[in-house]
Amino acid sequence: MSNTSEACIKYTLFIFNFIFVITGIIILSVGLSVQGVYHGYSEFLSSQFLTLPVFLVVIGSIIFFVAFFGCYGAMRENYCMILTFCGLLTIIFILELAAGITGYILKNSTSSLISATLEPTMHDYTNPDKKHITYAWDDIQSKFSCCGLESFEDWQKAVNGTPLSCCEIPHGILDKFTCENGTETLHSEGCVKSFGNFIQSHAKSLGVAGIVLAIVQLFGLLFACIITRTIKKHRGY
């Protein structure tokens, strides 16, 4: 193999590894950002939602390690290391594809999963030993302008009352304010829908990131295999 061909293979692999590292940064960033969002609502999310972003963070971290094999193999033109690089790329491709598919599955199951985790906590809203549940519910109902699972009636069944966070309290109120049915400021939408849409959008972003980057790396994997075959042929392995 000529010096020009060797240099071409070497620098092409370097360029590919640079792109590979960029995809790692992207998937790591997406995983960390969604993990940060989900962590604030960990009381109301099933383990599937909390595990997936961590999974992407792990994949993103592994990519930096894998890129070493590609760069070092290209620099040394080491067939075994480039072959190892291809094998690791295959594993990462499978993991990213699995993460993407899982994200879409979670997206389609968000409502049922959110409902299943929210409902048991409603009975603890007035429990003085579980103030974190009270604060979390108030935060969700205020931030997402929602009330109960489907409506304020869910609170009537759970604690025989409606939290103030179910209403937009008007400015300038001096007297006692009551949040109840018929109040114009009562949030009409349930939290399963409004909070669920918020969680669903992030699950979708995880799915898109996993699948798109898996497709990008599939092309990289095919290219790396071609390079490996070329080196094997010219080196006589």
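Predicted model: local features only at pLDDT ≥ 70, side-chain atom pairs only at ≥ 80, totals over all residues.
Trainee: What makes a segment count as one of the six helices?

Mentor: A helix is a DSSP run of H or I with at least four residues, and a strand is a run of E with at least two, numbered from the N terminus. By that rule the chain has six helices and zero strands, so the order is α-α-α-α-α-α. Residues are numbered from 1 along each chain as its sequence is written. Local features need pLDDT of at least 70 and side-chain atom pairs 80 or more, while totals for chains, interfaces and linings use all residues; side-chain values use heavy atoms, without hydrogens and water.

Trainee: Why is Val-208 called partly exposed?

Mentor: Buried means under 20% relative accessible area and exposed over 50%, with partly exposed in between (1.4 Å probe, protein chains only). Val-208 has 34% relative accessibility, so it counts as partly exposed. Val-208 lies in helix 6. Of the 237 residues in the chain, 43% are buried.

Trainee: What makes Val-208 and others such as Ile-15 and Phe-64 a nonpolar patch?

Mentor: Patch residues have over 30% relative accessible area and no salt bridge; nonpolar side chains (Val, Leu, Ile, Met, Phe, Trp, Tyr) are joined within 5 Å, like charges within 9 Å. A salt bridge puts a side-chain nitrogen of Lys or Arg within 4 Å of a carboxyl oxygen of Asp or Glu. The patch has about 920 Å² of accessible area together, by the Shrake-Rupley method with a 1.4 Å probe, only the protein chains shown counting as cover for residues.

Trainee: Which helix gives the most to the nonpolar patch?

Mentor: Helix 1, with six residues. Helix 1 (3–39) and helix 6 (191–235) each supply at least two.
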